[in-house]
Every structure is written in structure tokens, then in C-alpha cells.
Amino acid sequence: MFNFLKGVVSGSGTGLKDLPYNIGEPYSSAWGSWIHYRGTSKDDGTPVSIFSLSGNSTNDGHLAAGRNGVKRLRTVRHPNILSFLYSTEAENFDGSTTKVTIYIVTEPVMPLSEKLKELGLKGTQRDEYYAWGLHRITQAVSFLNNDCKLVHGNVCLASVIVTQTLDWKLHAFDVLSEFDGHNESSVGPMLQYDWLIGAQYKSTELLKSDWTTIRRSPPWSIDSWGLGCLIYELFCGTKLSATEDLRNTASIPKSLLPDYQRLLSSMPPRRLNSSKLLENSEYFQNKLVETIQFMEILNLKDSVEKDTFFRKLPNLAEQLPREIVLKKLLPLLVSALEFGSAAAPSLTALLKMGSWLSTDEFSVKVLPTIIKLFASNDRSIRVGLLQHIDQYGESLSAKIVDEQVYAHVATGFSDTSAFLRELTLKSMLVLAPKLSHRTISGSLLKYLSKLQVDEEPAIRTNTTILLGNIAGYLNEGTRKRVLINALTVRALRDTFAPARAAGIMALSATSSYYDVTQIATRILPNIVVFTIDPDSDVQSKAFQAVDEFLQLVKQHHEKTSTGDTSTTSMGTSSISGNASLLGWAMSSLTLKGGKSSEQGPYAPASSSMPLTSAVPDSSSIADRSSIAPIHVSSSIDMTDQPVPVSPTSNDGWGELENGIQEGLDGDKDGWDDIEPQEEPKPSPFLANIQAAQRRPVSQPKPQVTGLRGSITPKVSKNEEEELWGSVPASAPAQPSTSRASRIVDDDDPWGAIASPAPSSKPLNVKKSEALDDNDPWAAIAAPVPTTKARLSVGRGRGNKPTVPKLGAHKINRTSSGM
């Protein structure tokens, strides 16, 4: 029978050699005759604690009490009681003597006395941590006394240990016994191993071995006395040496003193129940205890309580002991986020606590949770992650971003919420450097191409800014295919002034990626037009950009004239300028301020709603500190201040031709009669509808006749296709109508809007007709429209008779012919 019980207590192991744990260095203190070792698992190196107790024979009283402790520890489970993992009993033969050792393996813990010295807390933080620890131990004692009807018998400083999360737990169950209050006539000891308890920790009745009085007393009387001993040792900082020392209350907090005196009452029935201590004591009412209690029952709280709590948590965490926040609150918060019980505002507290960790600790304790949260379908969680991405983005590895994070973040590009689309766009400033070239070319650029025609002007502006910032992470082929098309054909044609300014500055910031031919033929012709832009900020940036690019062309000319044929970067001479531009683009993405999408005089005439920012004021990217404010006047006619048209939108001379002809015939001067440029739309049907809606209603102008007949300012259909780049035309006189040419290459999202190179023939000289001295502009007159104008019958001479058509015809009969 003894061997059977011994096998139950000792577990499955047969000796020390079979112990699946490595025994390390011992701690300096432990309860009773036990030795407390550090240890690790042989399988995965997980840290554990190992307690050992040795005796000279199997009948040793200490071993018998130790076996009782093992049995109780295995069967009693509570969050505030030490967690049991494994136990075994080993016999070692040393000559003629036999030494028996009991091993208990538990979760990794540390003696409370040593942990308090290590923390070194003082003042309010010390009192709050002591209150939290005493609260945990009091809960454990209440559970044993009131719920299990058990008596621990020796609650003191040595019987308390601390976990890695700084939680206090109760152990040392060698004396633990059932409370036998029904057998009052029994005179035998209720506690079998009461001789293991030190005399200084024994209550008056226990010291006298008055078992009858003990049985008549409540079950908490002995352990309530023990709680009083623990409080004394905790605040005095010394081990209790005699019972009389408990009368010294100088170091006991005043809020705890009344309860302390009731715990140590000389009359057992009048001692304070541990459950009443938890309910009524003012000492446990502090920020740390309330915060941890709220986190532990988070699932029982409603959404309003959670939001209120998590909004206060970042500021509250600064007032709590830093060590406790990182080792206790942070794991609770991480667990709550992973299992979905925490609200989105908790991300702010999580990242703030994570900022107090070292880089390695942050990567282990916080970063895995953040990566999991990117897969969340909760929009508020995704918004919170993107708003704070600058705080943890640097800790994400390139492999994790490319394989795990980007796929989830990219869903925000097509989200119906403009706020989320812009936050997704802003996050690319941090994530794009960690993406592979394949992901950038095959996915990111396609999303950016769509965002350049987004309905929100702030998003279009920031897309251009982002392209200027990530240009360095594109490969050479992608840069040549994308940058000029994206920054000129779309950005410079935008009706939103900050978007045009952003396009100009992005071109300047990426000047090192263009050769002299591209600068002279594609960039300068596009930028110089904006020196007369109706927006003053666009004008100033255009003048600055023209000066910079002209300087680059001059430097190239000087090198070629001196015979220097070495190929150098065109942007090396303007490094300082580029640095400031890139700095502006960077700050505009991260700076927070006023709205960025006020409607200005460049808006279409048919616009009935003011342009609103895609995000609230606090997160708008196009900030007033970097973009001049736009003042709107209700008396300004929107059609009188159009956006200058890019010279590369058609054959390079069409706009000049139209402007000159209108200048000869109309009363207005300058660029007032140029039709406002329309924003390119992805759908041709929608573009036609919007074009009809935007067409201003004006009085018909007198028709002017000249050597080449009447000229109308309206752009023909084929010329409009060349203007918006729906088909990359090679020559304006031969507009392409092939379906195959309209297909957009998936690898080149901007290929469909590529502007044609300027015509090699600057003037459309008509060789078949002699020049008229009275019309000096006839040499550069616009080509005859491809759509034939309907001629009026009866006007002029030599009109060919109309060819009769086949089929039924309607015969117009006059009254005279009837």
C-alpha cells in the first residue's frame, strides 16, 4: 500500500536520470527544508523551477510532509497558487546509507524576498505593487479557507513566490490539511505536520496546541493570523523573529492598519475573514490593482467601458511601475488583442508600452501580435495599425513585409473609405523600401495608378508625392516606363492645384533619373506651361523647376563642349535642391494639420460640391505648412482661369495654333480663351458624359473667315483622344483607331497615358499653297479637321452635286408643287 501511494506521489519518473529537466543554480532562500533551483526543459529549453527535499530514509518526517505537499499541489488549482508540472522521487545509495530526494517541477518562479530586492521599488509605486501582491495572496487564502475548507497553516513571506509576470503566488503546502470543525471532541492534532511551522508564526491557540478551540474557531482563523505575519514582514523588510514583534505597527500603512489589527486578534472567532479583507479594505483601491483587475475580466466589459479604459491606458501606464507594466500589463494586452477582446484604441497603449522595450524584446513580445492583427477584418484595427506604422515599421523585416503584411495592407487601396485609402497610401512610405521589385512593379504601381485618378484630391496629391519618394526603390526599366508618364500626363493635368505642385516637385526630386533628352523633350515642355498657372504656389514651383532642369541641360552642354563623354547622373549637381524637395514630400506625408482639398479657381465649372479632404483635419497629408493656402472667391468664373495644357498632350503646336487664332478673332487676350483641361477618367463613356456636363454655356462667337475657311475652337474627337492619351499616338495627323492599341499592359499601368514625343517638325507648313503676306500665321495653321464639316448648299461656286443615295428617301414637297 505504501509503495502504491509513493508511486502516485512521485509521478511517472523512476529517478533523477529520468528527470526530463536540467537542474541549474539554486536560489539563496526557500521555504522550510526545500531547496529552490532554476531549471530548464531538456526538450525545448523552457525555463522552470525545481524544488528538492532530501531525507535519510523513506520514513523521514520531512519526506512525509513533502509528499503531502506534492499531493496537495497536484490537486489544488487556482490562478494564485503555484502551477504544478512534474514530480518524481529518487533514491541514491551512498555506501551503507540511502538518501531519498523528492523533486517537484513547477512554472518558473522566484522567492518574493529576492524579487523585492531586485525591483527596488519605493514610495507610491512600492505601495501599489505590495497592494497588488497582497490582493493575490489574500484571494488564494480565501479560496483555500472558504471554498475548499482547507487550512494552509504557514502563510508567511517564505511561502510566497513571484512569477515572470510579477504575480505573487502561494506555495509550501506541506502542512496543508482539511478543516475538521465538526469533530469538536477530538483532541488530536488537526494539522499533522504543525511541528514544521516556526513558533513565531503560530497563533496563540496553535502555540498552545489547543485543538478544541481551533476546531470551534472559523476555518480562516489560523491563516488570517498568517496574513498578518506576511504584512508585517513585507513592510518591515525583515523576517519575523518573535510573536511580540507583531505589535510594532510603525511601518504598516495607515489605510491597512485597522485590517492588520483585526487579522491578529487574540480571539480566533473575531479575526477578519480574508474574503472580507478583499471586499472592504481601502488599501486595495489603487490604480494598479484596478487596472489589472479590469484587464483580467475584459471579456465581461461592454464596448463603452473598453473604449473608455483603453483611451486612458497610455497615460495611466506612465504612472504605474515600469517593470510591472512591461511584465504584467503588456502580456495581458497582447493576449486580449490576439483573442479579439480588446478594442482598437488599445493599439496606442500597446505600442507605447512596446516603445519601452529593447529592440530584441519588442521583436519577440509585440511584433508577432502586430503581424497577426494585419489579417483582422476589423476596420478600426486596420486603421489603428496604419496610423502608428511609423512606430514599428522599422522593426518589420523585408521578408515579413513582402510575404505576410503587404497582402493585407493592399486591400486598403480599394477600400470604400477614403480615410483608409489615404492611410494605406501613407503606410507605403514605410513599407515600400522593404518590398521586392516584383511586388512593387506587379502590384503596388497598379494600385498607385488607380489612386492617381481617385475622387479625393488629397489622395491624388499624396500619390504623386509617394511616387517621388519611392522612385529610388524602382528598377531602372520601371522608372523609365512610369515616372515621366505618371508625373506629367496625370499629375500636371490635375485640376487640384496642390496635386500639380506635387507633380512639379516630384519631377525635381527625381531629376537624377532622367537623361538630357528626356529633360529637354518631355519634362521642360510640360513644366514651363505652369509658369502661368492660376495658382501662385504652382507658378513659383514651376519657375524653380525650370531653372533646375535648365541648369542640368547647361551642365550637359558644357561637358560635351569640353569633350567630356563620361556618363554621369543628371541630378548630381542639384543634390541640395533634391534633398529639400524630398524632405518636403516626406513631411507632407507625415505632418498633420489643416484640410488639403479646398476648392480653388482651378476646379471645373460644373462642380457643384466643394472638394473635401479624404481624411479628417488631424491626418491630412497635404498640409498648409508645405502648400500655400487656396483662397476661393465666389465671384470668379471657373472657366476664366483654366489649367494650362501640357504641350506634349498632342503634336506640340496645336495649343499655340488655337491660342493665336482665337487671339486674332476674339476680344479677349492672353490665355483666357483656352478651354480648361479636363481630368482623365478611366471609363470613356463616363468621360463623355462628364465632358458634356462640364461644357460651359456661352454666346456663339462670330465666325471668322480667312484663306482657309472657318476655324472652330472645339477639339475634334481624334484630337481629344490624343490629348488624354487613351491611345499613345505617334503623330497627331494619324490618330490610331485600332482596338489592340487601346489595351493597357498590366505591367505598365501608365502605358496607356504615355504622352507622345514632340513632333520633329515644329511647324505645319502647307507646301501646296502659297503664303499670303496678309496672313503671317498661315504657315503654322492647324491642320484641317479630320471630320468633314457639312457645307451649306448654295454657297460658293464649284460645289459638286450631291450623289444620290440608295434606298428610300424622304421627298420634301412644297405647297407650290402640290
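Most residues other than glycine have a negative phi, and most peptide bonds are trans.

K149 also lies in a loop, here between α4 and β7 (150-151). Phi of K149 is near 55 degrees, again positive in a residue other than glycine. With a relative accessibility of 44%, K149 counts as partly exposed.

## Basis of the model

The structure is a predicted model, in which local features need pLDDT of at least 70 and side-chain atom pairs count only at pLDDT 80 or more, whereas totals for chains, interfaces and linings use all residues. Residues are numbered from 1 along each chain as its sequence is written, and side-chain values use heavy atoms, with hydrogens and water left out.

## Overall composition

The protein chain contains 29 helices and 10 strands. These elements are DSSP runs numbered from the N terminus, with helices (H or I) of at least four residues and strands (E) of at least two. Of the 818 residues in the protein chain, 49% are buried.

The protein chain exposes about 41300 Å², of which carbon and sulfur atoms supply 52%; the areas come from the Shrake-Rupley method with a 1.4 Å probe, and for residues only the protein chains shown count as cover. A contact is defined by heavy atoms within 4.5 Å. Among contacts in the protein chain between residues at least 6 apart in sequence, 69% join residues at least 24 apart.

## Aromatic pairs

A pair of aromatic rings is described by the distance of the centres and the angle of the planes. Rings of Phe, Tyr and Trp (its six-membered ring) pair if their centres lie within 6.5 Å; planes under 30 degrees apart count as stacked, over 60 as edge-to-face and the rest as tilted. This rule gives 10 aromatic pairs. One of them is the tilted pair of Y21 and Y86, with 6.0 Å centre to centre and 50 degrees between the planes. The pair links distant parts of the chain, since Y21 belongs to strand β1 (residues 21-26) and Y86 to strand β4 (residues 84-94), 65 residues apart. Y21 is buried at a relative accessible area of 16%, and Y86 counts as buried at 14% relative accessibility.

The ring centres of Y130 and W168 are 6.3 Å apart and their planes stand at 55 degrees, so this pair is tilted. It too links distant parts of the chain: Y130 is in helix α4 (residues 123-147) and W168 in strand β9 (residues 168-170), 38 residues apart. Y130 and W168 are buried. Ring pairs join Y129, Y130, W168, F235, Y283 and F284 into a cluster.

## Charges over rings

A charge sits over a ring if NZ of Lys or CZ of Arg is within 6 Å of the ring centre and within 35 degrees of the ring normal. The charged end of R38 sits over the ring of Y27, 4.0 Å from its centre. The charged end of R322 sits over the ring of W356, 3.7 Å from its centre.

## Helix packing

The axes of helix α21 (residues 457-470) and helix α23 (residues 497-509) come within 8 Å and cross at roughly 5 degrees. Such axes are lines fitted to C-alpha atoms, for helices over the stretch in contact, with angles from 0 to 180 degrees between N-to-C directions. Angles under 35 degrees count as roughly parallel, over 145 as roughly antiparallel, 65 to 115 as roughly perpendicular and the rest as oblique. Helices α21 and α23 are therefore roughly parallel to each other. Their contact is made by T461, T464, I465 and G468 of α21 and by P498, A499, A502, G503 and A506 of α23.

In helix α16 (residues 379-387), the residues I381, R382, V383, G384, L385 and L386 are buried. Their cover includes α13 (346-354), α15 (367-373), α17 (389-392), α18 and α19.

R421 is located in helix α19 (residues 418-431) and counts as buried at 6% relative accessibility. Apart from neighbours within four places in sequence, R421 is in contact with G412, F413, D415, T416, L451, D454, E455, E456 and I459.

T411 is found in the loop between α18 (398-409) and α19. With a relative accessible area of 40%, T411 is partly exposed. The C-alpha atoms of T411 and T424 are separated by 8.6 Å, the two residues being 13 apart along the chain.

Notes:
Buried < 20%, exposed > 50% of the residue type's maximum accessible area, 1.4 Å probe, protein only.
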